[in-house]
Amino acid sequence: MKKEELKTIILNKKLPTHIAIILDGNGRWAKKRLMPRTFGHQKGAKTLQEIIRISSSLGIKYLTVFAFSTENWSRPLEEVNFIMKEVKNLCKDYQKLINRNIKFKMIGSKEELAPDVRESIETMENKTANCDGMTFLLAFNYGAKQEIVNATKKICEQVKNNNLTINEIDETIFEKNLYTKDIPPVDLLIRTSGEMRISNFLLWQIAYAEIIFTKVYWPDFHEKEFYEAIYEYLDVIEDLADWRKVNETKNNNRSSDVYNLCTIIRIRRLVFNCSNNVPCLFRHIWIDKYVSN
Ligand code: IPE
Ligand code: IPE
Ligand code: MG
């Protein structure tokens with residue numbers, strides 16, 4: 001399908017409120033071109049600008065992008081410094097975000113960041129604080145396990161100071177102590193580069209997210225690839241809604257034929273859609289299982 005066609009289709013449907021992206025493959029993209037990894041990061045930063053612009057023009061409310069993990073400090077110093085420089089460049093351009101009414105927020109720990117990096121991030125946060133269009137969250141020096149441990153410590157502190165009782169602790173209280181306080185959960189998570197793992201990203205917030213993996217390296221993830229991911233997401237959501245509707249009328253449980261049929265359709269579509277993308281060995285096994293049922 002053409003880019004414009006995809007765009008028209010997705011704009012006529014209920015778009016995901018919160019899209020999160022694990023941008024991956026910058027290094028391999030550069031290596032394929034016999035260039036240093038930093039070249040991939042430079043290209044990747046351009047792609048990020050493009051995806052922010054497209055998300056806001058589509059009307060997406062929240063976009064969260066994983067750009068540097070707590071584990072990424074172990075990379076060569078030159079590469080880490082280059083990524084820091086790219087983030088400073090991104091933040092210098094805060095006027096671009098203001099023009100699009102985009103609010104910026106960093107999620108992750110600011111403590112370990114060099115003062116100049118931290119300052120440019122905070123400047124962009126402050127300058128865009130009154131924007132109320134899309135919110136762009138940059139996961140930087142971010143780790144989900146660290147976020148959960150920090151939330152636990154904050155809650156313990158409140159209990160210790162008698163501002164909270166143990167019985168009052170629930171999911172809502174927990175969420176209020178995460179970096180993503182007041183941000184709705186992720187609807188769609190995309191990971192580029194063919195890796196099929198979460199790498200310590202938003203573990204709490206993706207509890208019910210649909211996850212789409214694409215083999216495309218991040219610097220090659222453009223408008224069409226983004227629309228394709230959203231299109232696939234909308235398709236899966238529609239299948240689920242259909243299944244629920246049929247299931248409700250039949251007053252059946254999850255072991256019904258309808259459920260098996262919908263599952264086959266979903267898995268089949270994933271196999272077809274991924275055929276030139278991700279090798280779907282396990283998905284084929286699942287199809288055999290359901291067909292033989
Ligand atoms: C993603 O690309 C960018 C960051 C993690 C900062 P990578 O740098 O991980 O690229 P690959 O995965 O090595 O190709
Ligand atoms: C995930 O990418 C982290 C970011 C995108 C910032 P990595 O390339 O660092 O993840 P692993 O090491 O392959 O899991
Ligand atoms: Mg990587």
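**A tour of the ligand 1 site**

Begin by selecting α2 (26–32), α3 (37–58) and α4 (77–92), each of which supplies at least two residues of the shell around ligand 1. Please note that the model on display is predicted. Next, colour α2 separately: the largest share of the shell, three residues, comes from this helix.

Now display ligand 1 together with its surroundings. The ligand is surrounded by 13 residues, and the closest are Asp-24, Gly-27, Arg-28, Arg-37 and Arg-75. By residue class, the shell around ligand 1 comprises three nonpolar, five polar and five charged residues. If the pockets of the protein are shown, the space that ligand 1 takes is the second largest pocket.

The next stop is a set of polar contacts. Select Asn-26, where a polar backbone atom is 3.2 Å from an oxygen atom of ligand 1. Proceed to Gly-27, which has a backbone N or O atom 2.9 Å from an oxygen atom of the ligand. Then select Arg-28: here a polar side-chain atom lies 2.8 Å from an oxygen atom of ligand 1. Taken alone, ligand 1 exposes 380 Å², of which the protein buries 89%.

Select Trp-29 and Phe-39: their ring centres are 5.6 Å apart and their planes stand at 35°, so the pair is tilted. A pair counts as stacked under 30 degrees and as edge-to-face over 60. Trp-29 belongs to helix α2 and Phe-39 to helix α3, ten residues apart, and the pair thus links distant parts of the chain.

Conventions:
Residues numbered from 1 in each chain as written. Chains lettered and ligands numbered in written order. Predicted model: local features only at pLDDT ≥ 70, side-chain atom pairs only at ≥ 80, totals over all residues. Heavy atoms only, no water. Near = heavy atom within 4 Å. Polar contact = N/O pair within 3.5 Å; in protein donor to acceptor, adjacent residues only side chain to side chain. Areas by Shrake-Rupley, 256 points an atom, 1.4 Å probe, with all protein chains shown as cover. 1 Å grid on protein atoms, 1.4 Å probe; cavity = no way out; pocket = protein on both sides within 12 Å on 5 of 7 lines; lining within 4 Å. Sits in = over half its atoms within 2 Å of the grid points. Helix = DSSP H or I, 4+ residues; strand = E, 2+ residues; numbered from the N terminus. Nonpolar A, V, L, I, M, F, W, Y, C, P; charged D, E, K, R; others polar. Phe/Tyr/Trp six-rings, centres within 6.5 Å; stacked < 30°, edge-to-face > 60°.
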